Amino acid sequence: MASVNDPSGALVVGVDSGGSGLRIALAEAASGAVLGTRASREPVRTGPGGISARHFLDQVLPAVRSLTEPHRARPVVAVAVGAAGMATLGDELRAELPGAFAEAWGVRRIALAADAVSAYAGALGQRPGAVVAGGTGMIALGTDLTSWRRADGWGHLLGDCGSGAWIGRAGLEAAMRAYDGRRGGSAALLARAEKLFGPAAGLPGALYPRTDRPAVLASFAPEVGLCAAEDPVAADILARAARHVAEAAEAACPAGAGALVALTGGLFKMGDPLLVPLRAALAELVPQARTVDPAGDPSAGAVTLAAALATGTLRLPEDPALLRLFGGDAPRAASSAQVGGGASTRGEGGDRIPDAP
């Protein structure tokens, strides 16, 4: 029978759980080659105990059953779950999933990770460096393979600097400055704001009562990008956003030559108006690192984690909040470095890979 020492013929499962639903992949343990996938558009619910383990299992177990049906003679030897909210809302998952997976498939080698970790594994594999995930929010996560370093991801009121919500808010502020006749305003952004949201005077009433304010703010970020070529105010907003993103990468990236930096998430689909100043800022602030395209997405990262766990080759450090390992031969936990004068791997938003604006 396949084992951690002889994974030939064995299978692994990787699960990516986020705000847009679930993606489940079945893969070869030895190579990580994906054999099949399933997806659900229904995000896992949260309740008094945090992320609902029952709702998670109600979606994952049938999906894995259908995926493994053509491979019934091959055992599942490892599972990795990357979930949004795992660090702060994952207590129920950590308490229930190991037993449920053992009962369902006989698997005992399990990794439960924050989705920032699965995004890291998807983008850079198990190499030292930093990954900046940008969308509605923004977070940077890095490792030297001894401990994790995290920067930002604190939400739109306290941080997420350079994110889609940050860019959108700055763009709408410039629009309101133009409406008032104040310095720093942009007539171009005012015109786009009124086209999108209606008369400028009504914008506070339309925005402030919304419970999804970050997403509404982020919806204006593409408008800032479209104006940047002709409007110096919009271009300056994106230049400042780029500086913020590079500062987060600088804080999270390990020192020393050889580190890699990858950018992932919908924010960076904005293209050159953001990426040109961002590349320049990264070259200035993180000169020891080489910027690379992400190799894969968080779903691929979950498979990477599961395959490494199955083959005994996992090099990414365990952490109480970010990456918990279950199984008799799981490595011991490593402590996480603090970043930015007190920003640790713990805390609200620390495991959130934001949705694209």
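In what order do the six strands of the open sheet stand, and what is the pairing? The six strands follow the order β3-β2-β1-β6-β7-β13, and their pairing is mixed, where two strands are taken to pair if DSSP finds at least two bridges between them. The model is a predicted one, in which local features need pLDDT of at least 70 and side-chain atom pairs count only at pLDDT 80 or more, whereas totals for chains, interfaces and linings use all residues. Residues are numbered from 1 along each chain as its sequence is written, and side-chain values use heavy atoms, with hydrogens and water left out.

The chain holds twelve helices and 13 strands, these elements being DSSP runs numbered from the N terminus (H or I and at least four residues for helices, E and at least two for strands). Of its 357 residues, 53% are buried, buried meaning under 20% relative accessible area, exposed over 50% and partly exposed in between, with a 1.4 Å probe and protein chains only. Among contacts between residues at least 6 apart in sequence, 69% join residues at least 24 apart, a contact being defined by heavy atoms within 4.5 Å.

In the six-strand sheet, β3 and β13 stand at the edges with a single partner strand each, so that one side of each is left without a neighbour in the sheet. The twist averages 10° from one strand to the next; for such values, axes are lines fitted to C-alpha atoms, for helices over the stretch in contact, and angles run from 0 to 180 degrees between N-to-C directions. Strand β1 (residues 11-18) has seven of its eight residues buried, and is therefore largely enclosed by the rest of the structure. Eight bridges join β1 to β2 (residues 21-28) in an antiparallel arrangement, with a hairpin of two residues leading from β1 to β2 and Val15 standing opposite Ile24 of β2. Seven bridges join β1 to β6, and these two strands run parallel; Val13 has Val79 as its bridge partner in β6, while Gly14 stands opposite Ala80 of that strand. Helix α4 (residues 115-124) lies across β6, β7 and β13, and runs at about 105° to β7.

Val34 is partly exposed, with a relative accessible area of 48%, and, when residues up to four places away in sequence are not counted, Val34 touches Ala25, Leu26, Ala27 and Val303. Val303 is in turn one of the buried residues of α12, a helix of 14 residues (298-311) that reaches 20 Å from its first C-alpha to its last, close to the 20 Å expected at 1.5 Å a residue, the expected span being 1.5 Å times one less than the number of residues. Helix α12 is mostly covered, eleven of its 14 residues being buried.

Helix α3 (residues 91-105) has 15 residues and spans 22 Å between its first and last C-alpha, close to the 21 Å expected. A bend of about 35° occurs in α3 at Leu97, and a proline, Pro98, follows within four residues; the bend is the angle between axes fitted to the seven residues ending at a position and the seven starting there. The buried residues of α3 include Leu93, Leu97, Pro98 and Phe101, and among the elements that cover its buried residues are α1 (53-68), β6 (76-83), β7 (109-114) and β13 (323-326). After α3 comes Gly106, whose phi is positive, near 75°.

A second open sheet comprises five strands in the order β10-β9-β8-β11-β12, with mixed pairing. Here β10 (148-152) and β12 (290-292) are the edge strands, each with a single partner strand, so one side of each is left without a neighbour in the sheet. Neighbouring strands of this sheet are turned by 20° against each other on average, direction ignored. Five bridges join β8 (residues 129-134) to β11 (residues 260-264), which run parallel, and Val131 stands opposite Ala262 in β11. Helix α10 (residues 232-252) packs on the sheet, touching β8, β9 (138-143), β10 and β11, and its direction makes about 25° with that of β9.

Helices α5 (residues 164-180) and α6 (residues 187-197) pack at an angle of about 105°, with their axes 8 Å apart. The two helices are therefore roughly perpendicular to each other, a term that covers angles of 65 to 115 degrees, whereas those under 35 count as roughly parallel, those over 145 as roughly antiparallel and the rest as oblique. Residues making the contact include Gly171, Leu172 and Tyr179 of α5 together with Leu189, Leu190 and Phe197 of α6.
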